Amino acid sequence: MSRQPRRRGVVTLAPHRAAQLRNAEVTAPWDAAAPDLVPPGFRRIEHTAPLARRDLDGAGRDLLGWRMHTRAGLEVAVDPGPDREGVVHPGDVIELHLGVGPLGVRAPCRVLEVFEEPGRRGLTYGTLPGHPEAGIERFEVLRAADGALRLRISGYSRPGSPLVRAGAPLALIVQERITRRYLRALDEG
């Protein structure tokens with residue numbers, strides 16, 4: 001029997017937590033001019049999967065509205081800033097939460113780029129202190145010449161703390177499982 005992740009939602013990040021995260025530095029190097037360049041000491045992330053759906057605009061809205069993340073079973077706490085409710089912008093901070101209450105894992109990130117181009121929608125975020133991993137992750141919905149859509153998840157990461165480094169095999173399994181959930185979740189649109 002296949003277990004479905006529990007549906008979570010998008011909530012507002014607590015003001016004190018948002019203030020902490022707004023001033024935090026991304027924990028991995030990133031160069032917007034060379035976004036696929038993997039720095040030394042980081043592991044490449046690269047997953048691509050076809051989507052059954054064919055509506056690029058709808059898939060883009062689901063991705064940029066955090067619905068892919070919530071359908072994958074994560075709670076997304078956002079601090080979109082003034083007058084930006086529901087719209088993702090570079091610089092926004094989010095905190096993903098997987099699990100139940102204090103036993104769950106919190107993963108703070110900063111949005112580094114958002115793109116809505118012909119044939120392509122997506123965003124890139126970088127991890128902030130307190131995230132189990134240090135890294136950069138990009139989510140893209142791409143339209144092929146035949147009209148089919150693909151979800152591409154790419155980036156790089158490494159353990160974000162000595163504790164995660166000690167449990168690296170387990171952390172890698174969790175990361176791969178969440179990635180598979182993302183790939184399935186965007187097709188639910």
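Predicted model: local features only at pLDDT ≥ 70, side-chain atom pairs only at ≥ 80, totals over all residues.
Residues are numbered from 1 along each chain as its sequence is written, and side-chain values use heavy atoms, with hydrogens and water left out.

Back to aspartate 79, which you'll find in strand β3, residues 75-79. Helices (H or I, at least four residues) and strands (E, at least two) are DSSP runs, numbered from the N terminus. Is aspartate 79 buried or exposed? It counts as buried, at 14% relative accessibility. The cut-offs: buried is under 20% relative accessible area, exposed is over 50%, and partly exposed is in between, with a 1.4 Å probe and protein chains only. Not counting residues up to four places away in sequence, aspartate 79 touches Leu13, Ala18, Arg22, Asp92 and Val93. Touching, or contact, means heavy atoms within 4.5 Å.

Next up is glutamate 95, in strand β4, residues 93-98. Glutamate 95 is buried too, with a relative accessible area of 6%. Its side chain has a polar contact of 2.7 Å with the side chain of arginine 17. Leaving out neighbours within four places in sequence, its contacts include Leu13, Leu21, Glu75 and Arg106. And look at alanine 18: it is 77 residues from glutamate 95 in sequence, yet the C-alpha atoms are 9.0 Å apart in space.

Now over to strand β6, where threonine 127 lies. This threonine 127 is buried, at 5% relative accessible area. What does its side chain reach at 3.3 Å? That's the backbone oxygen of glutamate 133. A polar atom of the threonine 127 side chain also lies 2.9 Å from the backbone nitrogen of glycine 135. Beyond four places in sequence, threonine 127 is in contact with several residues, among them Glu25, Val26, Pro108 and Cys109.

Let's move to a helix. Helix α2, residues 56-64, is mostly covered, with 7 of its 9 residues buried. Those are Leu56, Gly58, Ala59, Gly60, Asp62, Leu63 and Leu64. What do they pack against? The answer is α3 (67-71), β5 (105-117), β6 (120-127), β7 (133-143) and β8 (149-159). After α2 comes tryptophan 66, with a positive phi near 70°.

Finally, let's zoom out. The chain has 5 helices and 8 strands, and from the N terminus the order is β-α-β-α-α-β-β-β-β-β-β-α-α. Its radius of gyration is 16 Å, close to the 16 Å the globule rule gives for 189 residues, so the chain is as compact as a globular protein of that length. That radius is taken over C-alpha atoms, and the rule is 2.2 Å times the number of residues to the power 0.38. Along its principal axes, the C-alpha trace spans about 45 × 45 × 40 Å. Of the 189 residues, 46% are buried. And among contacts with a separation of 6 or more, 62% are between residues 24 or more positions apart.

Terms used: Polar contact = N/O pair within 3.5 Å; in protein donor to acceptor, adjacent residues only side chain to side chain.
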